[in-house]
Amino acid sequence: MKIYVDQVFNKIIYFSTAYGNARGIWRGVNRPNKREYFVELDIDIKYNYDDFMVSKVKEYQMKIVDYKTYLTLLFLEHDEFGCATFRLGDSIIEIETNIDDRFLALKNLFVIVSVEKINIYDENI
């Protein structure tokens, strides 16, 4: 995913994308600068079905509200081990979930999830 780093506070960065703004933790070796990067996003928290809400807006979004980042993602699939696959623009994000058959009803819908921590890895290392 292409991002632009707007602000850097130690390992915490605020960044903007074509889908809005977000906050994350820079996991690269080098300290990021205020510039464009191509990155991979990773969310390493396990979610429950009730943590997701079907979005009325049918487009990808990222926004910060009260120090939390809200992502609007397209739900692609959920496997028998609890791995949920989402699309955010051209990027694929996998999120670990508790196993719940209700996830199957979310397939091909845009959903909103609150994320406290997004790990960001520079793809151009």
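Is Asp-100 buried or exposed? Asp-100 counts as buried, at 19% relative accessibility, where buried means under 20% relative accessible area, exposed over 50%, and partly exposed in between (1.4 Å probe, protein chains only). This is a predicted model, in which local features need pLDDT of at least 70 and side-chain atom pairs count only at pLDDT 80 or more, while totals for chains, interfaces and linings use all residues. Residues are numbered from 1 along each chain as its sequence is written, and side-chain values use heavy atoms, with hydrogens and water left out.

Side chains of opposite charge can pair when their charged atoms come close. The structure holds 5 salt bridges, a salt bridge being a side-chain nitrogen of Lys or Arg within 4 Å of a carboxyl oxygen of Asp or Glu. In one of them, Arg-102 meets Asp-100 at 2.8 Å, N to O. Arg-102 also pairs with Asp-50, with the closest N and O atoms 3.8 Å apart. Strands (E, at least two residues) and helices (H or I, at least four) are DSSP runs, numbered from the N terminus. Shared partners join Asp-50, Asp-100 and Arg-102 into one network. Asp-50 is exposed at 60%, whereas Arg-102 is partly exposed at 42%.

The loop between E4 and E5 turns up again with Lys-46, which bridges to Glu-96 in strand E9, 50 residues away; here the closest N and O atoms are 3.7 Å apart. Glu-96 is partly exposed at 45%, and Lys-46 is partly exposed at 45%. Ile-45 is in that loop too and, leaving aside neighbours within four places in sequence, is in contact (heavy atoms within 4.5 Å) with Ile-95 and Glu-96.

On to the inside. Asn-119, in strand E11 (residues 119–122), is buried at 1%. The side chains of Asn-119 and Asp-44 are joined by a polar contact of 3.3 Å, meaning a pair of N or O atoms within 3.5 Å; within protein, one must be able to donate a hydrogen and the other to accept it, and residues adjacent in sequence count only if both atoms are side-chain atoms.
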